[in-house]
Amino acid sequence: MDVTLHLAQDPEADELLGRSPLAALVGMLLDQQVPMEWAFKGPSTIARRMSAEDLDAHDIAAYDPEGFAALLSEKPAVHRYPGSMAGRVQQLCRYLVETYDGDAEAVWRGVSTGGELLKRLRELPGFGMQKAQIFLALLGKQLGVRPEGWREAAGAYGEPDSFRSVADIRGPESLTKVRAHKQEMKAAAKAAKASGT
C-alpha cells in the first residue's frame, strides 16, 4: 500500500495514510463527531507523539492506557473526545494483535469477495455497518483492494463518484462535494424528525 490520499488535507498526514494500513484504519475509527480532516490527521499526530515513523499495533496495544489517553489529549487534541477515543484505538490495536498478529493489512489481504471483506471490517472494534462500508469503498476506490463484489458490499458508498464519504475525497474540490452531501443528509434527517416520520 503506497498511494497518495487527500483525507487529512495535510501532506505529511496524507502520506502516512497512503502507506500505512493501520494509520488508515485508525483515521477511519476517529472519523466521528469531528471534521474529517481532523480525524484523518490523528494517526500522524499519534505517530509523532510516540516518536515513530508509523503506527504499530503492538506498541499501541501495550501502551499504558492512562498514558495513551494523555498522549491523545495533548494540545491540540487528536479528537474532541481524546480519552474515549484513545481507549477505542487501543481496543482496535489489541484486536489486530490478537487476530492478525498486528498486521492491519491482513484484514483485507487475500480476501476473495466483498462480502467476506465487509464481514472482517465489521468485526473490527468500533466499526459498525456504515463505517465498514465506507472503509471498504475507500479500499476499492483509492487503495486498489477490489475483491469480487466489493462495490455491492460497500453499498451506496461503492457507487462511482457518489461523493458520499471519505472514499471519494481526492482533493479540496471533492472534499467540498462530500461535505455538501453530508449537510444535505443531516438536513433531511432533521426535517424527517421534525415532521415525525
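This note describes salt bridges in a predicted model.

1. Basis. Local features need pLDDT of at least 70 and side-chain atom pairs count only at pLDDT 80 or more, while totals for chains, interfaces and linings use all residues. Residues are numbered from 1 along each chain as its sequence is written, and side-chain values use heavy atoms, with hydrogens and water left out.

2. Overall count. Across the whole structure, the search finds 9 salt bridges (a side-chain nitrogen of Lys or Arg within 4 Å of a carboxyl oxygen of Asp or Glu). Three of them, including D10 with K41, E74 with R49 and K141 with D168, are described below.

3. D10 and K41. These side chains form a salt bridge at 3.7 Å, N to O. D10 belongs to the segment before helix 1 (11–19) and K41 to helix 3 (residues 36–49), 31 residues apart; helices are DSSP runs of H or I, at least four residues, numbered from the N terminus. K41 is partly exposed, at 36% relative accessibility (buried means under 20% relative accessible area, exposed over 50%, partly exposed in between, with a 1.4 Å probe and protein chains only).

4. E74 and R49. A salt bridge of 3.7 Å, N to O, joins these side chains. E74 is in the loop between helix 5 (65–73) and helix 6 (82–100), whereas R49 is in helix 3, 25 residues apart. E74 is partly exposed at 40%, and R49 is buried at 18%.

5. K141 and D168. Their closest N and O atoms are 2.8 Å apart. Because K141 lies in helix 8 (residues 129–142) and D168 in the loop between helix 9 (150–153) and helix 10 (172–195), the pair ties together parts 27 residues apart in sequence. K141 is buried at 11%, and D168 is buried at 6%.

Terms used
Helix = DSSP H or I, 4+ residues; strand = E, 2+ residues; numbered from the N terminus.
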